[in-house]
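Please read the following account alongside the sequence and the three-dimensional model.

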2 protein chains.
Amino acid sequence: MLHVVIMAGGAGTRFWPRSRTTTPKQLLNIVGETTMIQQTAARVESLVKPEQTWVVTNALQAPEVFRQLPLVPRENILIEPVGRNTAPCIGLAALHILKKDPQAVMAVLAADHLIKPDSAFCDTLSSAAKIAHESHACITIGIIPTRPETGYGYIQFVENEFKESGNHRAHRVKTFAEKPNLETAINFVAAGDFLWNSGMFIWRADTIVKLIEIYLPELHEGLMEIEQTLGTTKYDKTLDRVYHKVKGISIDYGVMEHTKDVYVIPSSFEWNDVGSWEEVYHLSPKDATGNAVMGEAILLDSTNTLVYAPGKIVAGIGLNDYIIVSTNDALLIVPRAQAQDVKKIVEELQRRKKNEFL
Amino acid sequence: MLHVVIMAGGAGTRFWPRSRTTTPKQLLNIVGETTMIQQTAARVESLVKPEQTWVVTNALQAPEVFRQLPLVPRENILIEPVGRNTAPCIGLAALHILKKDPQAVMAVLAADHLIKPDSAFCDTLSSAAKIAHESHACITIGIIPTRPETGYGYIQFVENEFKESGNHRAHRVKTFAEKPNLETAINFVAAGDFLWNSGMFIWRADTIVKLIEIYLPELHEGLMEIEQTLGTTKYDKTLDRVYHKVKGISIDYGVMEHTKDVYVIPSSFEWNDVGSWEEVYHLSPKDATGNAVMGEAILLDSTNTLVYAPGKIVAGIGLNDYIIVSTNDALLIVPRAQAQDVKKIVEELQRRKKNEFL
């Protein structure tokens, strides 16, 4: 049976001031009517029941996750005591799923990606799940690159070595490549056998636990301690102890790059990780002067500007290529070309110890 | 006895979004700790008791005036049914004052001017009141111009014809000049015998009522109807009827420009009518990069910018010579050079019928 694991622990400082410590990007409706985690859960509801849907989050964000996903059973929302990157997170989810369903296939998804249409995505997941179930291989989804992006990792695949299911081919992965420089990225995209690493994986829960045992034995030891206490009163304390002991490591770096039996399915859907306000601008409908407005705005002599201020009115004059975000207690005004510098602002807030604005 | 009349009916659209229909500039603390009307009342408290302090306002703003000036007796706060410019306003105040004190001198002040030091201003008022009481002349205060401002009216005076009191000379007024074009304004300032019309007047209450009778007989007739009902239950209804009947006209245009017995005292104090956000920028303390911040701000690569956002945090990158004003439900971002265009924004809001933001 397929289970979906939504990883929802990210801090998402790039959407300040809309994103805050307790409400990062995945819990916001920055793009669309519902929040990104709600869209993620809704996207797969034709494939999995709420009882087969899992979320891994942290204590700060858990209340909002409960609120936003009322159909997902509380016990399926796993709360990590501290963030330790994706390997422990995925291992923890695997334990919980195996206890319910020893034959389970799990699809690990990010909570904050924009994907459409849902049907094409579900179709891909179904094929991947079938291959993973039968072959015990690890399947990942690779996004067909549309530009030489330096912000993502890449996956190189072997064209003529693949497993097939439905309309999809899962090609054997040749290498996982770290985020490249621009020159390398250009070569990757030109080569044709490189895909963006979307961070989405499909595998049998028992497969990934076994791979963790091989490549991350210390983590596996910790997971086994946790497994002993599943469903008991000792669970929370053990989880806390293990998490504070294990080191943070990504599943890519810790497992995927070492194991041979990894396959990648090239995407057949639109995908966007909505990584910055600049992406939101690109994703938003625009008026004739290129302005994208969420909220109400009066813009004079202004072009190609994003205004994100739901429930407010924004009056601007002479704003060209700007990003403007207004919340109840904070305001951001940056040139679109410097959208990434929002991180600098968050760092400055941390330095000034302005926790009320973080 | 001296009475002070504070005219506080202005709509003040130039300070949107901070100023709103119910809280125009005079009821805000845009400059300083207390509001401008509170500063105006406090400025003259060494000269007049609260019972000799009068405010003319409208129904929308009256509750806030009551709240801000708790010492002024409620019956001294006169509420006009509709705005009819300054002549009816001043006539109405004169009626109320005369009923209490037939010998009264009244000083008519704007509620939203910044003046300092208070002592120099009170000294001027005292001298003006003495001259007005004894000579039955109309006295106005003229501001010594510091630039060829085209936004004010000017008063030309006769150098060698004056009345004296204390350290002050009140010169006979030669002409009231409307707002000039720039060339004319330059000539005015160069001439040396022109002052800015501050809109502040000092005269006996009986004098101004008599002048209204001569130059604005219809208004006088209306005022006499009101006078009959002062202190009776018919007052409100009569006031309403008369105000809807009389035409709006300024005391300058309706009376001052026609009567001969007008004198002007050149100012011996700092004066600023705080006419726009640009003025607020000039009046505010600035950091080394020329930024003036009310609230908390992180400004990177930004210079000579005004941030007015009490209680909020504003993060800006690449803002040079901008005005940024953030309130709970609205946000203004304009280049300083276009500070006057705030009016355009308010007009657009009116056109869109966005009354909740006006």
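A residue is called buried when its relative accessible area is under 20%, exposed when that area is over 50%, and partly exposed in between. The model discussed here is a predicted one.

With these limits in hand, consider B:His136, whose relative accessible area is 39%, so that the residue counts as partly exposed. B:His136 belongs to the loop between α4 and β6 of chain B. Its backbone deserves attention, for B:His136 has a positive phi of about 60° although it is not a glycine. B:Asp321 also has a positive phi of about 60°, and B:Asp321 is not a glycine either. This residue is placed in the loop between β13 (306-317) and β14 (322-326) of chain B. B:Asp321 has a relative accessible area of 34% and is therefore partly exposed.

Peptide bond geometry provides two further points of interest. In chain A, the bond from A:Trp16 to A:Pro17 is cis, with omega near 5°. A:Pro17 lies in the loop between β1 (2-7) and α1 of chain A. In chain B, B:Lys116 and B:Pro117 are joined by a cis peptide bond, for which omega is about -5°. B:Pro117 is located in the loop between β5 (114-116) and α4 (118-135) of chain B.

Attention may now turn to the helices and strands. Helix α3 of chain B comprises residues 86-100, which makes 15 residues. Another helix of chain B, α5 (residues 182-191), contains B:Ala185. The relative accessibility of B:Ala185 is 0%, so this residue counts as buried. B:Ala185 also illustrates how the fold brings together separate parts of the chain: B:Thr150 is 35 residues away in sequence, while the C-alpha atoms of the two residues are 6.3 Å apart.

In chain A, strand β8 (residues 168-177) includes A:Ala177. Its relative accessibility is 19%, and A:Ala177 therefore counts as buried. A:Ala177 and A:His258 are 81 residues apart along the chain, and their C-alpha atoms are separated by 13 Å.

The aromatic side chains come next. Over all chains, the count of aromatic pairs is 18. In one of these, the ring centres of B:Tyr152 and B:Trp271 are 5.4 Å apart and the planes meet at 70°, so the pair is edge-to-face. B:Tyr152 is in the loop between β6 (138-143) and β7 (154-165) of chain B, whereas B:Trp271 is in strand β11 (residues 270-272) of chain B; the pair therefore ties together parts that are 119 residues apart in sequence. B:Tyr152 and B:Trp271 are both buried. In chain A, ring pairs join A:Phe15, A:Trp277 and A:Tyr308 into a cluster.

Rings also take part in arrangements with charged side chains. A:Lys286 lies over the face of A:Tyr281, 4.8 Å from the ring centre. In chain B, the charged end of B:Arg74 is set over the ring of B:Phe66, at 4.0 Å from its centre.

Finally, what does the interior hold by way of enclosed space? The model contains two cavities of 30 Å³ or more. The volume of the largest cavity is about 50 Å³. Its lining consists of B:Thr40, B:Arg43, B:Val44, B:Leu109, B:Ala110, B:His113, B:Ile115, B:Phe121 and B:Met200. At least two residues of this lining come from each of α1 (36-43) and β4 (105-110) of chain B. Sorted by class, the lining of the largest cavity has six nonpolar, two polar and one charged residues.

The lining of the second largest cavity divides into five nonpolar, two polar and one charged residues.

Note on methods. Residues numbered from 1 in each chain as written. Chains lettered and ligands numbered in written order. Predicted model: local features only at pLDDT ≥ 70, side-chain atom pairs only at ≥ 80, totals over all residues. Heavy atoms only, no water. 1 Å grid on protein atoms, 1.4 Å probe; cavity = no way out; pocket = protein on both sides within 12 Å on 5 of 7 lines; lining within 4 Å. Points joined across faces, edges and corners; volume = space filled by probe spheres on them. Helix = DSSP H or I, 4+ residues; strand = E, 2+ residues; numbered from the N terminus. Nonpolar A, V, L, I, M, F, W, Y, C, P; charged D, E, K, R; others polar. Phe/Tyr/Trp six-rings, centres within 6.5 Å; stacked < 30°, edge-to-face > 60°. Buried < 20%, exposed > 50% of the residue type's maximum accessible area, 1.4 Å probe, protein only. Lys NZ or Arg CZ within 6 Å of the ring centre and 35° of its normal. Expected span 1.5 Å × (residues − 1).
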